[in-house]
Amino acid sequence: MLLATLGVVYGDIGTSPLYAFKEAVRAASHGEPPTAVAVTGAVSLILWSLILIVSVKYAVLILRADNKGEGGIVAMLALLGARHAEAGTRQGLLLVVGLVGAALLYGDGAITPAISVLSAVEGLKVDAPSLDRYVVPITLVILVGIFLVQSRGAAFIGCIFGPVMLVWFVVLALLGIGGILQAPQILRAINPLAAVEFVGHAGLGVGFAMLGAAFLAVTGGEAMYADLGHFGAKAIRAAWFGLVLPALMIHYFGQGAILLADPSAAENPFYRLAPDWAHYPLIGLATLATVIASQAIISGVFSLTQQSVQLGFLPPMRVVHTAPDERGQIYVPTVNWLLAAATLAAVVIFRSSDALAGAYGIAVSLLMAITTLLAALVARKWGYALPAVIAVNGFFLLIDLIFLSANSVKIVEGGWFPLVLAGAVAFLMLTWRKGNHCMEEARINQRPSEADFIERLRTDPPITLPGSAAFLSSATHGIPLPMVRVVDRLGALHTRVLIVTALFEETPTVPPSERAEVSAITPDIHRVILRYGFMQSASVPEGLRCAVASGQLPEDFVEDLTVFVGHETIIPVSDRHGMSDWREALFAVMQNNAERTGAHFCVPASQVIEIGTEIEI
């Protein structure tokens, strides 16, 4: 488990030494040879950022804000009960902020693989500057390979990449020790005053630029929380404090020491830290490590997507469970290839890790600030005293806002790229949620009550068809529109009828013993409510078997079963209160391209009959 954690969670933050220190020193020195004060200040700032932000805030505090073992912004929103918040309320504002935070992870997911792989491949230029023109093509090929292998699953990737990352962190530590021996005075950076004094005396512009660059050293820390459901807090903390943090600290000291000994190494301190004979082997190892770095964020994006779909923030889409015996090991094809397109576009647009550094950081710093804010609300919900919450979370929020302010100057340099991606995803999430609300209002107006429908069956009995029928419904009351349509158009109804509703609770999992709740409308018509967690796939056949096993449903109700689902066509109507016409059209496109209802609820295609319905919104 520890090896798999290294391979999936810590790839991103583990490869930050390739570019973070270089960018921090460059920001501090304005292209001139770095001074000893600037080098020591940069190392101190990175060191204490790792301690405060990653070690204390994430590893100690944020990992506690789990939703029964699951982490991430969406799991936290579910914990806070913001899912059904009304627009214009405090909970509604909280929901919008949370969804923006969730969308920022998509922007981060597009930048992380690009800058990580580019920074590794650029090592070729250290010994052979003529290879510069091959850096981007090689990077693109490697990135395509990364996204191709995702279908094998995080467990498969973690088992392969874990040992590589173990070697990587050991090599980082050994390189760092070699550098420290050349200039032991770098150990003065342990004193946080070294960072404070430099930032204070360098001026606001230089200090902000250095803060924004140094923040690159902690990007990837958010993967600890996003991947919590994959590996658990115990393994994540053990790997961080036992190996990752010590290796990173030693290595950053080593990079600082090599610059004290030879300021000309500022061009690429990571590779200059290694002896000449080790450059090409180190490039190969770094490339493997950056492949793994990409995995950390991609796994988090997959988890976030599944949670968002189950809680109604994104359209239903195909989710492949790559490890049947392990919860949380998933692959989402649609998201994988959209993320691949965004990542490849970032490489083509920016073409170097230096240029991408301007785009990197702002999305992560904003995500970290939102996470800190939501964690404070979780702490209050769990009964922690208000003064303690304000003191602890307020302190970390202040740090987050300082880094966010420092990164905000990068918007023109490239920070716009992840923000545009995040803004698009957040808008789609809010549009999907609002559109579903409008659809449900339209269904309510067309959906007859149970009493009215039963009375109609008594006065005008339909033809009885053999076998059983299940009608999927989005509501827990009333008669679903496909059932009304069958009676209206065919004048028939099956001998045994089930009205089935699948609900996703605001907990990660619901045990099979609590899966089904059955109530009889008539002796031949039963309503079945199936409950699932937001990290589970809703399987109607499995839920009905649970209902039979618990004795709530006669076994003959699930034999020879035909499942009717609604195929709804969205018709935007200008004179109806809801969304603007173009936004309703966008929702209709999302609805039409969502996964089929039968497939989403794991119903075999041979049992499904779709009933068309037009819905005006």
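Cys602 lies in the loop between α26 (597-600) and β8 (608-616). In this predicted model, Cys602 has a positive phi of about 60°, although it is not a glycine. Its relative accessible area is 37%, and Cys602 is therefore partly exposed, since that class lies between the limits of 20% and 50%.

A second residue with a positive phi is Asp560, where the angle is about 50°; Asp560 is not a glycine either. Asp560 is placed in the loop between α24 (540-549) and β7 (561-571). With a relative accessibility of 62%, Asp560 counts as exposed, because the exposed class begins over 50%.

The discussion now turns to charged side chains. The count of salt bridges comes to 14. One of them joins the side chains of Arg272 and Asp262, with 3.1 Å from N to O. This pair links distant parts of the chain, 10 residues apart: Arg272 belongs to helix α15 (residues 269-272), while Asp262 sits in the loop between α14 (233-261) and α15. Arg272 is partly exposed at 32% relative accessibility, and Asp262 is partly exposed at 28%.

Another salt bridge is found within a single helix. Arg443 and Glu440 both lie in helix α21, three residues apart, which is about one turn of the helix. Their side chains meet at 2.8 Å, N to O. Arg443 has a relative accessible area of 12% and is therefore buried, as the buried class covers values under 20%.

A further salt bridge connects Glu450 with Arg527, and the closest N and O atoms of this pair are 2.6 Å apart. Here the partners come from distant parts of the chain, 77 residues apart, with Glu450 in helix α22 (residues 450-459) and Arg527 in strand β6 (residues 525-532). Elsewhere, salt bridges form a network that links Lys22, Glu23, Arg26 and Asp354.

Helix α21 also takes part in a pocket. The second largest pocket has a volume of about 600 Å³. It is lined by 23 residues, and those closest to its centre are Met317, Thr334, Val335, Leu338 and Leu428. Four helices each supply at least two residues of this lining, namely α6 (90-121), α17 (333-350), α21 (411-446) and α25 (581-592). The largest share, five residues, comes from α17. By residue type, the lining of the second largest pocket consists of 17 nonpolar, four polar and two charged residues.

Nonpolar residues are also found on the surface. Leu3, Leu166, Val170, Leu174, Ile177 and Leu181 form a nonpolar patch there, and together they have about 540 Å² of accessible area. Helix α9 (residues 154-182) contributes the largest share of the patch, five residues. Ile177 is located in helix α9. At 41% relative accessibility, Ile177 counts as partly exposed, because its value falls between the limits of 20% and 50%.

Conventions: Residues are numbered from 1 along each chain as its sequence is written. This is a predicted model: local features need pLDDT of at least 70, side-chain atom pairs count only at pLDDT 80 or more; totals for chains, interfaces and linings use all residues. Side-chain values use heavy atoms; hydrogens and water are left out. Patches are made of residues with over 30% relative accessible area and no salt bridge: like charges are joined within 9 Å, nonpolar side chains (Val, Leu, Ile, Met, Phe, Trp, Tyr) within 5 Å. Accessible areas come from the Shrake-Rupley method with a 1.4 Å probe; for residues, only the protein chains shown count as cover. A salt bridge is a side-chain nitrogen of Lys or Arg within 4 Å of a carboxyl oxygen of Asp or Glu. Buried means under 20% relative accessible area, exposed over 50%, partly exposed in between (1.4 Å probe, protein chains only). On a 1 Å grid over the protein atoms alone, a cavity is a set of points where a 1.4 Å probe fits but cannot get out, and a pocket is an open set with protein on both sides within 12 Å along at least five of seven lines; lining residues have an atom within 4 Å of a point. Grid points are joined across faces, edges and corners, and a volume is the space filled by probe spheres set on the points. Ala, Val, Leu, Ile, Met, Phe, Trp, Tyr, Cys and Pro count as nonpolar, Asp, Glu, Lys and Arg as charged, and the others, Gly among them, as polar.
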